[in-house]
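Subject: Structure handover

Dear colleague,

Here is the structure I said I would pass on. Please look through it first; my notes follow below.

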Amino acid sequence: MDADYFDGLVVATATPLAMLIVLFAAKLALKKGVPVQDSLSYAILVVTFIALPPTTTVSLNTFLCEELDTSDKEGEDKSYLVADYSIECDTARHTTFQIYAGCMIAIFPLGIPLLYLYLLLRKP
């Protein structure tokens with residue numbers, strides 16, 4: 001089976017998300033004051049910092065389509081995903097992955113900066 005852009009989208013977004021869930025669960029499982037808890041907090045920040053640019057790029061590229069002249073008839077041209085011209089836009093599969101990418105945009109490019117803002121503004 002050949003992998004396409006959507007497979008890369010899922011891997012690029014689900015991998016750091018799974019890592020963050022595991023790190024956060026481990027942090028919650030430990031009692032407060034345990035020295036490892038600070039290391040887990042640091043690891044969460046590192047993962048979010050490293051994951052933010054690629055997850056943002058692949059998520060936003062899911063919405064970038066280009067209409068190509070594929071038909072002699074007016075209005076019957078097809079649009080394709082710019083990141084992978086083998087994927088036709090305006091299909092049920094593309095719409096499904098646009099919804100998925102929208103959720104990942106809420107988590108990564110919106111959620112991570114909001115997390116950083118919360119961490120900066122909270123009172124110790």
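D90 lies in the loop between β3 and α3 (92-121). Helices (H or I, at least four residues) and strands (E, at least two) are DSSP runs, numbered from the N terminus. The model is predicted, so local features need pLDDT of at least 70 and side-chain atom pairs count only at pLDDT 80 or more, while totals for chains, interfaces and linings use all residues. Residues are numbered from 1 along each chain as its sequence is written, and side-chain values use heavy atoms, with hydrogens and water left out.

The phi of D90 is near 60°, a positive value in a residue other than glycine. Most residues other than glycine have a negative phi. D90 is also exposed, with a relative accessible area of 69%; buried means under 20% relative accessible area, exposed over 50%, and partly exposed in between (1.4 Å probe, protein chains only).

**The sheet**

Three strands make up an open sheet, ordered β1-β2-β3, with antiparallel pairing. Its edge strands are β1 (65-68) and β3 (84-88), each of which pairs on one side only. From one strand to the next the twist averages 45° (axes are lines fitted to C-alpha atoms, for helices over the stretch in contact, and angles run from 0 to 180 degrees between N-to-C directions). Two strands pair if DSSP finds at least two bridges between them.

β1 is joined to β2 (residues 78-81) by four bridges, and E67 stands opposite S79 in β2. Between β2 and β3 there are two bridges, and these strands run antiparallel. L81 is placed opposite D84 in β3.

**Helix α2**

Which residues does S59 contact, leaving aside its neighbours within four places in sequence? They are L9, T13, A101, M104 and I105, where contact means heavy atoms within 4.5 Å. S59 is in helix α2 (residues 35-61) and is buried, with a relative accessible area of 0%.

Y42 lies in helix α2 as well, but Y42 is exposed, at 58% relative accessible area. Together with V46, F49 and I50, Y42 makes a nonpolar surface patch of about 470 Å². Patches are made of residues with over 30% relative accessible area and no salt bridge, with like charges joined within 9 Å and nonpolar side chains (Val, Leu, Ile, Met, Phe, Trp, Tyr) within 5 Å. Accessible areas come from the Shrake-Rupley method with a 1.4 Å probe, and for residues only the protein chains shown count as cover. A salt bridge is a side-chain nitrogen of Lys or Arg within 4 Å of a carboxyl oxygen of Asp or Glu.

Regards
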